[in-house]
Amino acid sequence: MPQDMPPTGGYGPVQYKRNLPANGFRPAALVIGMGAIMTYGFYKLAQGTKERNELAREKMWSRIHLIPLLQAEEDRDLVRRHLADQAREKELLGENFKVYNSDRYVRPTFAVTPANVTK
Amino acid sequence: MAARNSYFNQQVLYDTTPLPGSIPSVKEVGATSAPLLSASYFIGARCRPYNDDYMQCKTENPGKGEFECLKEGRRVTRCAASVVEDINKHCLDEFRKHWQCLDNNNHQLWQCRKPEWKLNKCVYDNLKLEKTIPDSPKDQIPVHLRTRPIYAHYPILRDPGQPPFGKSIDPPSAQAQASAPAS
């Protein structure tokens with residue numbers, strides 16, 4: 001019985017390599033494009049950060065210019081209330097007790113509740 | 001329930017005892033936050049020495065500054081009140097426009113550049129006070145003079161007939177110098 005032999009001229013080539021179409025840009029072009037977009041983005045980000053810093057500086061200085069004014073008004077009010085408190089205490093108790101072992105001014109914990117409507 | 005009077009309400013809690021006569025009285029500024037913010041740089045321009053005096057006094061008297069610095073505090077308040085009064089006298093319209101813009105824009109200064117420029121110009125022409133931001137970088141345009149703010153909701157539009165803005169407008173002092181020789 002004759003043996004099975006390859007056809008004359010051998011078998012045809014076997015397709016084992018991928019044969020997909022390569023769509024789109026070349027990888028080098030993609031990398032360069034991404035680099036350009038990201039550089040632009042970071043440039044804009046840096047600009048925005050710089051401007052935000054300047055805006056923050058502007059806001060901070062406007063507040064710095066106002067703080068003495070606001071604090072002075074608050075201080076006058078505190079002094080007024082403190083002196084009124086002291087006078088009231090003197091009138092009720094006859095003398096002013098030193099409550100704290102310190103010369104520092106301590107903001108009052110308790111508010112006065114006047115018996116009559118004052119305002 | 002209806003017969004019960006409210007006792008701890010705001011009205012009852014006011015302590016209206018005035019300051020004793022030994023302490024000179026001063027009229028408070030009485031402006032709200034938006035006008036104060038709008039005028040802050042002019043207050044800073046005119047009252048810087050008084051403000052610094054007051055803050056130094058407070059630093060040197062920790063815990064007692066409330067009593068020791070009353071005099072300096074009165075000076076601070078009088079100076080600021082004078083600035084607000086002068087702005088009201090000379091630039092009332094511009095001032096109102098600017099602080100109302102601030103009130104409408106969450107107190108964000110960068111949304112209100114156009115009214116601010118008008119106010120700055122008016123204040124410089126009449127009171128010779130100019131807005132400058134201390135310690136800002138020398139190589140950059142000051143942020144309040146830039147014509148293309150990044151964070152503003154709307155771009156700054158020209159008035160009809162106004163020449164186009166460059167990257168920035170000139171500060172009021174430079175504008176005054178530029179227009180002085182021509183006239």
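**View 1. The interface between chain B and chain A.** About 4500 Å² is buried between chain B and chain A, and carbon and sulfur atoms give 64% of this area; buried area is the accessible area (1.4 Å probe) that two parts lose on being put together, summed over both. B:D15, B:F67 and B:Y151 supply 14% of the area that chain B buries against chain A, more than any other three residues. The contact (heavy atoms within 4.5 Å) takes 41 residues from chain A and 55 residues from chain B. The model is predicted, with local features needing pLDDT of at least 70, side-chain atom pairs counting only at pLDDT 80 or more, and totals for chains, interfaces and linings using all residues. Residues are numbered from 1 along each chain as its sequence is written, chains are lettered from A and ligands numbered from 1 in the order in which they are written, and side-chain values use heavy atoms, with hydrogens and water left out.

View 2. Five salt bridges are counted between chain B and chain A, a salt bridge being a side-chain nitrogen of Lys or Arg within 4 Å of a carboxyl oxygen of Asp or Glu. A:R76 forms a salt bridge with B:E28, with the closest N and O atoms 2.9 Å apart. Between chain B and chain A, 17 residue pairs are in polar contact (both at pLDDT 80 or more). A polar contact is a pair of N or O atoms within 3.5 Å; within protein, one must be able to donate a hydrogen and the other to accept it, and residues adjacent in sequence count only if both atoms are side-chain atoms.

**View 3. The side of chain B that touches chain A.** Helix 1 (10-13), helix 2 (33-60), helix 3 (65-68), helix 4 (70-90) and helix 6 (113-127) of chain B are the elements that give two or more residues to this side. Helices (H or I, at least four residues) are DSSP runs, numbered from the N terminus. Helix 2 of chain B gives the largest share, eleven residues. By class, this side of chain B has 30 nonpolar, 13 polar and twelve charged residues; Ala, Val, Leu, Ile, Met, Phe, Trp, Tyr, Cys and Pro count as nonpolar, Asp, Glu, Lys and Arg as charged, and the others, Gly among them, as polar.

View 4. A search of the whole structure finds three cavities of 30 Å³ or more. On a 1 Å grid over the protein atoms alone, a cavity is a set of points where a 1.4 Å probe fits but cannot get out, and lining residues have an atom within 4 Å of a point. Grid points are joined across faces, edges and corners, and a volume is the space filled by probe spheres set on the points. The largest cavity has a volume of about 60 Å³, and its lining includes B:Y41, B:F42, B:H98 and B:K131. Helix 2 of chain B gives the most to this lining, with four residues.

**View 5. The largest pocket.** A pocket is an open set with protein on both sides within 12 Å along at least five of seven lines. The largest pocket has a volume of about 720 Å³. Of its 22 lining residues, A:H82, A:Q86, A:E89, A:V99 and A:Y100 lie nearest its centre. Helix 1 (residues 27-93) of chain A supplies the largest share of the lining, six residues.
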